[in-house]
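Please find below a colleague's note on the model under review. The sequence and structure are shown before the numbered points.

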Amino acid sequence: MATAEAAAPTLVVSGLQAWYGESHVLHGVDFEVRPGEVVTLLGRNGAGKTTTLKAIMGIVGKRSGSVVFAGRETVGLSSDRIARLGMAICPEERAIFASLSVRENLLLPPRVAPGGLTLERIFALFPNLAERLASGGGKLSGGEQQMLAIARILRTGARFLMLDEPTEGLAPVIIRQIGQTIAELKRDGFTILLVEQNFRFAATVSDRYYVMEHGRIGIGFGNSDLDANNMEKLHVRLGV
Ligand code: ATP
């Protein structure tokens, strides 16, 4: 039987504001992610999606409002402390070490929580990486680099993952593989907050969506809301 505690959201963002220096980018962002969900932030370029992930992780210049993760208020905590609560971000620029081998890239991530994936489990998820163990990170294809970047955050033990545009610039066959990986992580109980420009891809893996507009959430909806009428409105909002 589900307890009230088990049903509590993993992440509750309320009135989140963020700045880069003098530049005020988030103007009060409100949304939540429940345990085991894949939730996607959509929106036009510059709407504030990446900044929202960074603000949750505590890596923007300044932030205010509330970000409750696993029942704890994290605004005011350092990004290190936040990571050790069990969250990790895979940034758009794919944080891997180009001069280190795939193996070294996989051995280096810090443990933020117990239960990081073993190398065996990583290779089961990403067979391509097992074949490229000795290759330098910089020698990998874009798709392999993305897989390595995701693999690195899976090593940390974080159970809440934020993936920033994981399909950007990748071929359709690789995008499908990334989708399968996300579905498998969801089955394993990971909770995932995704940023995507590619709604067609997001719709294959997500439970719910929020559209960001000018540093706020415009609308939120779930898969059951996606009838033809709403899809058209969504395309207008996203400018696609
Ligand atoms: P994109 O898909 O283009 O990355 P986004 O929705 O993720 O769009 P953000 O990257 O969060 O948008 O950017 C939101 C706003 O903040 C934009 O106006 C952007 O120019 C500005 N911005 C982003 N990073 C910085 C920074 N380091 N310093 C100053 N302004 C920034």
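Predicted model: local features only at pLDDT ≥ 70, side-chain atom pairs only at ≥ 80, totals over all residues.

1. Length of helix H7. Helix H7 covers residues 172–187. At 1.5 Å a residue, its 16 residues should span 22 Å, and the C-alpha atoms at its ends lie 23 Å apart, which agrees. Following H7 comes Gly-189, which has a positive phi near 95 degrees.

2. The buried residues in H7 are Ile-174, Ile-175, Ile-178, Gly-179, Thr-181, Ile-182 and Leu-185. They cover an arc of only 160 degrees around the axis, which places them on the same side of the helix. Pro-172, Arg-176, Gln-180 and Arg-187, on the other side of H7, are exposed.

3. What covers H7. The buried residues of H7 are covered by elements that include the strands S3 (38–43), S7 and S8 (191–195). Helices H4 (119–125), H6 (142–155) and H8 (199–205) are also among the covering elements.

4. Strand S3. Six of the six residues of S3 are buried, so this strand is largely enclosed by the rest of the structure. Val-38, Thr-40 and Leu-42 point one way from S3, while Val-39, Leu-41 and Gly-43 point the other way; all are buried.

5. Partners of S3. S3 pairs with S8 in the parallel sense over four bridges, and with strand S9 (residues 208–213), also in the parallel sense, over five bridges.

6. The four-stranded sheet. An open sheet with antiparallel pairing has the strand order S2-S1-S4-S5. Strand S2 (23–33) and strand S5 (72–73) stand at the edges with a single partner strand each, so one side of each has no neighbour in the sheet. Strand S1 (residues 11–20) and strand S4 (residues 62–69) run antiparallel and are joined by seven bridges. Within this pairing, Leu-11 has Phe-69 in S4 as its bridge partner.

7. Glu-165. Where does Glu-165 lie? Glu-165 is placed in the loop between strand S7 (160–164) and H7. This residue is buried yet has no salt bridge, and the nearest side chain of opposite charge, that of Lys-49, is 5.0 Å away. Leaving aside residues up to four places away in sequence, Glu-165 touches Glu-92, Gln-146, Val-195, Glu-196 and Gln-197.

Key:
Residues numbered from 1 in each chain as written. Heavy atoms only, no water. Helix = DSSP H or I, 4+ residues; strand = E, 2+ residues; numbered from the N terminus. Buried < 20%, exposed > 50% of the residue type's maximum accessible area, 1.4 Å probe, protein only. Lys, Arg positive; Asp, Glu negative; His and termini not counted. Salt bridge = Lys/Arg side-chain N within 4 Å of Asp/Glu carboxyl O. Contact = heavy atoms within 4.5 Å. Expected span 1.5 Å × (residues − 1). Arc of directions from axis to C-beta. Pairing = 2+ DSSP bridges.
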